[in-house]
Amino acid sequence: MVFLGNPEYVCDLQPIDFATVARGFGVQSFTIDDPANCSEVLRAALAAPGPALVEAVVDQNEPPMPPKVTLKQAAHLAESLACGTPADGKIALTIASDTVRELV
């Protein structure tokens, strides 16, 4: 439990190693810790019998998307959203408003 404003109570969450947890349940699991190993790990996971879990280790300080999105990337995203996402209108509106804010 975390009590805000009191440094005596601190919640320090540690990253979860999902691959190890999955192995504990008998599931084939693989970890990608270097982007250069992506194809090798994915091939191994697809070749494994039964279900498999692939965990990708990422830098928590790295943004999940590039800081600037090109017009071409935005157009491709809009096309993808138009192909069937139930909340596509809200997602597209949010993206458009963020883009306009960046341009202004």
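User: On what basis are residues numbered and counted here?
Analyst: Residues are numbered from 1 along each chain as its sequence is written, and side-chain values use heavy atoms, with hydrogens and water left out. In this predicted model, local features need pLDDT of at least 70 and side-chain atom pairs count only at pLDDT 80 or more, while totals for chains, interfaces and linings use all residues.

User: What is the average confidence of the protein, and where is the pLDDT below 50?
Analyst: The average pLDDT (the predictor's confidence in each residue, from 0 to 100) is 76, and 65% of the residues score at least 70. Over residues 1-6 the pLDDT is below 50, and this stretch has three contacts (heavy atoms within 4.5 Å) beyond near neighbours in sequence.

User: Why is Ser 29 called buried?
Analyst: Ser 29 has a relative accessible area of 9%. Buried means under 20%, exposed over 50% and partly exposed in between, with a 1.4 Å probe and protein chains only; Ser 29 is therefore buried. Ser 29 lies in strand E1 (residues 28-32), and beyond four places in sequence it is in contact with Ala 19, Ala 22, Arg 23 and Leu 53.

User: What makes the pair Ser 29 and Arg 23 a polar contact?
Analyst: Their side chains are joined at 3.1 Å. A polar contact is a pair of N or O atoms within 3.5 Å; within protein, one must be able to donate a hydrogen and the other to accept it, and residues adjacent in sequence count only if both atoms are side-chain atoms.

User: Why does Phe 30 count as buried?
Analyst: Phe 30, also in strand E1, has a relative accessible area of 18%, so it is buried. Its contacts beyond four places in sequence include Ala 19, Val 41, Ala 44 and Leu 53. The C-alpha atoms of Phe 30 and Ala 44 are separated by 8.1 Å.

User: Why is Pro 15 called exposed?
Analyst: Its relative accessibility is 66%, so Pro 15 counts as exposed. Pro 15 is in the segment before helix H1 (18-24), and its C-alpha is 10.0 Å from that of Val 57, 42 residues apart in sequence.

User: How many residues of the protein's 104 count as buried, as a percentage?
Analyst: The buried share is 10%.

User: What share of the contacts with a separation of 6 or more joins residues 24 or more positions apart?
Analyst: Such residues account for 39% of those contacts.

Technical notes: Helix = DSSP H or I, 4+ residues; strand = E, 2+ residues; numbered from the N terminus.
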